[in-house]
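Open the model in your viewer and keep the selection tool at hand. We will go from stop to stop, selecting a few residues at a time and saying what is there.

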Amino acid sequence: MSTTIMYGNTLAKKMSAELKKEVEQLHDVDIYPTLTVLIIGDNPASKTYVRMKQKACEKIGIQSNVVELQDDISESELLGKINQLNQDPTVHGILVQLPLPQHINEKKVLEYIHPQKDVDGFHPINVGRLAIGHDALIPCTPIGIIKLLESYNVDIQGKHAVIIGRSNIVGKPIGQLLLNQNATVTYTHSKTNNLSHMTRQADILIVAVGKAQFISEDDIKEGAVIVDVGNTFLENGKVVGDVDFESVKEKANKITPVPKGVGPMTITMLLHNTIKAARNTV
Ligand SMILES: Nc1nc2c(c(=O)[nH]1)N[C@@H](CN(C=O)c1ccc(C(=O)N[C@@H](CCC(=O)O)C(=O)O)cc1)CN2
């Protein structure tokens with residue numbers, strides 16, 4: 001049995017072309033989807049991701065503004081900036097690039113973004129709406145994973161999905177989305193006893209731990225679908241995932257690579273959310 005590599009970059013390209021048409025239709029009715037990204041400090045990975053977001057917006061005609069803020073900005077100053085953007089009718093989407101410096105309360109900041117402009121889907125209103133199955137802005141990485149699984153015809157209903165990681169960005173919402181599609185979901189995390197025993201039961205394994213090549217072939221079930229959310233930059237400049245791709249590849253039925261797997265889908269779903277926000281805020 002040969003393993004299918006689930007390439008996010010291919011799907012992202014196809015979806016971006018469709019989103020470009022949507023943007024053109026909005027331009028025809030004088031709506032110009034606009035995203036403002038706030039980046040605090042000079043974390044090199046964050047800078048890379050923000051540049052990737054800008055470039056992706058540019059490609060499909062979304063206007064993007066990047067506001068670069070000093071590492072030592074006070075929390076109240078940052079909230080003031082968000083408040084201005086909340087009230088600016090020309091800005092449809094607001095995104096604060098994470099992680100934030102230690103002295104800033106992430107929860108407070110994310111809750112300050114107007115829920116209709118919350119293109120990351122991190123605001124408690126959007127989190128709650130997703131939880132009860134209402135229309136919402138859904139976090140980009142989790143919804144990107146669902147789109148990727150769907151495009152590779154992965155059956156979700158009735159399957160046992162095991163998630164490693166319980167972050168608000170990926171772990172919790174991907175569990176919610178899989179549950180909404182009738183998967184049986186198990187959350188695991190750094191305090192889970194006998195983690196490998198749990199992961200070996202997964203039909204679908206979502207790995208979002210942030211530890212380079214953490215999962216190896218002994219941790220998975222033969223024929224499982226493996227989704228790697230990791231993005232660790234090694235000293236040699238290479239980027240690797242949370243899964244030891246080479247060892248797991250032969251045993252899995254389907255697997256996402258890193259790079260070119262989940263990452264590009266995150267960016268594309270941000271474009272999707274920005275267009276959705278532009279439609280909703282007029
Ligand atoms: N406000 C947010 N902050 C962060 C998020 C987020 O969704 N919202 N997610 C991550 C970082 N992230 C986007 O911001 C992100 C990470 C990785 C990729 C990606 O495409 N990676 C490439 C590899 C890297 C490269 O090519 O240089 C890949 O996997 O192919 C995109 C976005 C944390 N912060």
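## First stop: a covered strand

Select strand 4 and look at both of its faces: Gly93 and Leu95 on one side, and Ile94 and Val96 on the other, are all buried. Buried here stands for 20 or more other C-beta atoms within 10 Å of a residue's own, exposed for 12 or fewer, and partly exposed for anything in between, with C-beta atoms placed from the backbone. Strands (E, at least two residues) and helices (H or I, at least four) are DSSP runs numbered from the N terminus.

Before moving on, a word on what you are viewing: this is a predicted model, in which local features need pLDDT of at least 70 and side-chain atom pairs count only at pLDDT 80 or more, while totals for chains, interfaces and linings use all residues. Residues are numbered from 1 along each chain as its sequence is written.

An open sheet of 3 strands runs in the order 3-2-4 with parallel pairing, where two strands pair if DSSP finds at least two bridges between them. Its edges are strand 3 (63–69) and strand 4 (93–96), each pairing on one side only. From one strand to the next the twist averages 15°, taken between axes that are lines fitted to C-alpha atoms, with angles from 0 to 180 degrees between N-to-C directions.

Zoom in on strand 2 (residues 34–40), which pairs with strand 4 in the parallel sense over 4 bridges. Select Leu38 here, and you will find Val96 of strand 4 opposite.

Next, bring up the other open sheet, in which 6 parallel strands follow the order 1-11-8-7-5-6. Strand 1 (4–5) and strand 6 (184–188) stand at the edges with a single partner strand each, so one side of each has no neighbour in the sheet. Strand 5 and strand 6 run parallel and are joined by 5 bridges. To see how they line up, select His160, which stands opposite Thr184 in strand 6.

## The annotated binding site

Which residues does the UniProt annotation "binding site" cover? Select Gly165, Arg166 and Ser167, which this unreviewed entry lists. UniProt positions use the numbering adopted here, feature names are shortened, and annotations may be inferred rather than shown by experiment.

Gly165 sits in the loop between strand 5 (160–164) and helix 7 (171–180). Is Gly165 buried or exposed? Gly165 counts as buried because 23 C-beta neighbours lie inside 10 Å. Leaving aside neighbours within four places in sequence, Gly165 is in contact with Val170, Gly171, His189, Ala208 and Val209; contact means C-beta atoms, placed from the backbone, within 7 Å.

Ser167 is found in the loop between strand 5 and helix 7. With 17 other C-beta atoms within 10 Å, Ser167 is partly exposed. Not counting residues up to four places away in sequence, Ser167 touches Lys172 and Ala208.

## Domains and the core between them

Colour the chain by domain: domain 1 is 30–114 and domain 2 is 140–262, bounds that come from an automatic or database domain assignment. Taken over C-alpha atoms, their centres are separated by 28 Å.

Then show the largest nonpolar core, which has 73 residues; Ile145, Ala161, Leu205, Ile206, Val207, Ile226 and Val227 touch the most other members. Such a core is a set of buried Ala, Val, Leu, Ile, Met, Phe, Trp, Tyr and Cys residues joined through C-beta atoms within 7 Å. Helix 10 (residues 262–280) gives the largest share, 9 residues. Domain 1 and domain 2 both contribute residues, so this core lies between them.

## Last stop: helix 10

Select Thr266 in helix 10. Thr266 is buried, with 24 other C-beta atoms within 10 Å. Beyond residues up to four places away in sequence, Thr266 touches Cys140, Thr141 and Gly144. Now draw a distance to Lys53: the two C-alpha atoms are separated by 9.4 Å, although Thr266 and Lys53 are 213 residues apart along the chain.

Conventions:
Two residues are in contact if their C-beta atoms, placed from the backbone, lie within 7 Å.
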